Amino acid sequence: ELTSIPSNLKLFEDMAAACLPSVDFDPFDPGQVATLPAVATCKDGCKAKLDAWVDPVSGWGCCVPSLLGGFAVMEDLQKFPEYMDKLADVCAVTIPVACPTPDGGSISGTFIIDNFDNSWWTSLNDALKKVVTDAVAADIAELTGVDKTGVTITATATSGVLTVTLAIQASSASQAIKVINQLNAFDTSRRADAQKIGIKSLTSNPKARQDPKLPVMGATNNIVATYKVVAKDSPFAVVILVSMPYTVAEFDQNKQTSFKKAVANVAGTSEVNIELNITEARRRAGSIVVSTKILAGSDARLKEITKMLGTDTSKLLTKLNKELVAQGLSESTGVTAPKKVEPKPEPTLSAAGVYRPRVSLGVAVAVLVLMLSCFV
């Protein structure tokens with residue numbers, strides 16, 4: 001039985017009592033959401049309760065954007081996050097930025113943008129330059145499908161070229177791979193078939209174009225991803241067995257490093273999170289079997305890696321061989337589907353002195369899962 005209101009939920013209820021139509025306001029109820037006024041009013045006591053709710057230390061902090069974003073995707077509930085944004089503005093309360101995703105991928109690289117009027121750029125003050133870079137960041141966010149709050153850029157201009165250094169925080173490792181593939185399509189230094197991409201916000205600004213008759217175009221360069229490093233004792237892991245046409249002696253440390261990078265690119269993780277066990281193949285001379293263990297930081301991340309590898313070994317072999325060749329290695333002759341590594345249960349001593357498997361006490365409380373999931 002739930003005898004007290006969780007503190008996180010209490011903060012929301014206190015805010016609702018001071019700022020929303022009632023303490024019982026339910027943001028999941030389309031009828032109640034529809035009654036929210038078009039103009040927000042910061043009533044007496046509202047600012048303090050709103051500040052307490054979004055406080056990054058004792059309140060919901062960076063979880064607030066996650067909550068509001070969840071309502072924003074539901075058409076009949078969109079008015080709630082819209083009203084909260086208005087309320088924050090009128091009460092002069094800053095809603096924190098969204099929490100970083102620990103298992104997501106971080107992408108870095110550069111955009112080389114030409115037909116850019118750097119004399120116009122140098123005439124701008126820092127505030128106006130930020131307006132320009134924010135617009136370019138929004139262009140990149142739209143291009144890659146990443147939330148614009150996850151895109152950070154810095155820029156320098158010289159000789160008709162704007163060099164943009166970018167950092168993108170993807171919401172997941174799989175999204176990071178999609179972003180890399182998208183951006184690499186514009187890397188004219190690495191791919192013969194690559195084409196430059198138009199930069200919408202700059203092309204639409206006549207002052208930004210060096211040649212007013214031509215669009216402002218960009219090419220990418222040195223796009224790389226980094227992922228969270230997982231503890232070696234993580235209980236979350238999958239294993240694939242990869243057959244390679246080398247002897248144990250030939251498959252030296254350099255080849256092992258290249259092999260890890262290839263697998264990491266397929267799985268969407270860091271090569272540091274990959275462990276190898278190499279044995280001679282039993283039925284094929286000059287061949288080895290590389291038991292490849294891929295570590296994850298959570299069960300959700302493990303499921304993502306497993307999904308990215310897939311259960312179709314023909315498709316997995318094709319993806320893996322593409323990355324192996326890119327790393328300068330020979331193609332694999334076979335691969336198994338990913339198999340989850342089951343951690344060994346830790347025995348615990350019972351009161352009777354008998355070892356029994358360790359079990360956890362589960363308490364099922366289905367209360368506003370969307371609101372509270374950020375605190376798990």
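The model is a predicted one, where local features need pLDDT of at least 70, side-chain atom pairs count only at pLDDT 80 or more, and totals for chains, interfaces and linings use all residues. Residues are numbered from 1 along each chain as its sequence is written, and side-chain values use heavy atoms, with hydrogens and water left out.

The chain has 13 helices and 12 strands, taken as DSSP runs (H or I, at least four residues, for helices; E, at least two, for strands) and numbered from the N terminus. Looking at contacts (heavy atoms within 4.5 Å) with a separation of 6 or more, 69% come from residues 24 or more positions apart.

Next up is helix H10. This helix covers residues 253-267, 15 residues in total, and runs 21 Å from first C-alpha to last, close to the 21 Å expected at 1.5 Å a residue (1.5 Å times one less than the number of residues). Its buried residues are Gln256, Ser258, Phe259, Ala262, Val263, Ala264, Val266 and Ala267. They pack against quite a list of elements, including strand S6 (236-244), strand S7 (274-280) and helix H12 (313-326). Just past the end of H10, glycine 268 adopts a positive phi of about 75°.

One of the residues in strand S6 is methionine 244. Methionine 244 counts as buried because its relative accessibility is 0%. Leaving aside residues up to four places away in sequence, methionine 244 touches Phe259, Gly286, Ser287, Ile288, Val290, Leu324, Ser330, Ser332 and Thr333. Serine 287 sits 43 residues away along the chain from methionine 244, yet their C-alpha atoms are 5.8 Å apart.

Elsewhere, the axes of helix H3 (residues 46-54) and helix H5 (residues 79-90) come within 10 Å and cross at roughly 115°; axes are lines fitted to C-alpha atoms, for helices over the stretch in contact, with angles from 0 to 180 degrees between N-to-C directions. On the H3 side, Cys46, Leu50 and Trp53 meet Met84, Leu87 and Ala88 of H5. The residues of this contact split into six nonpolar, no polar and no charged (Ala, Val, Leu, Ile, Met, Phe, Trp, Tyr, Cys and Pro count as nonpolar, Asp, Glu, Lys and Arg as charged, and the others, Gly among them, as polar).

Note on methods. Buried < 20%, exposed > 50% of the residue type's maximum accessible area, 1.4 Å probe, protein only.
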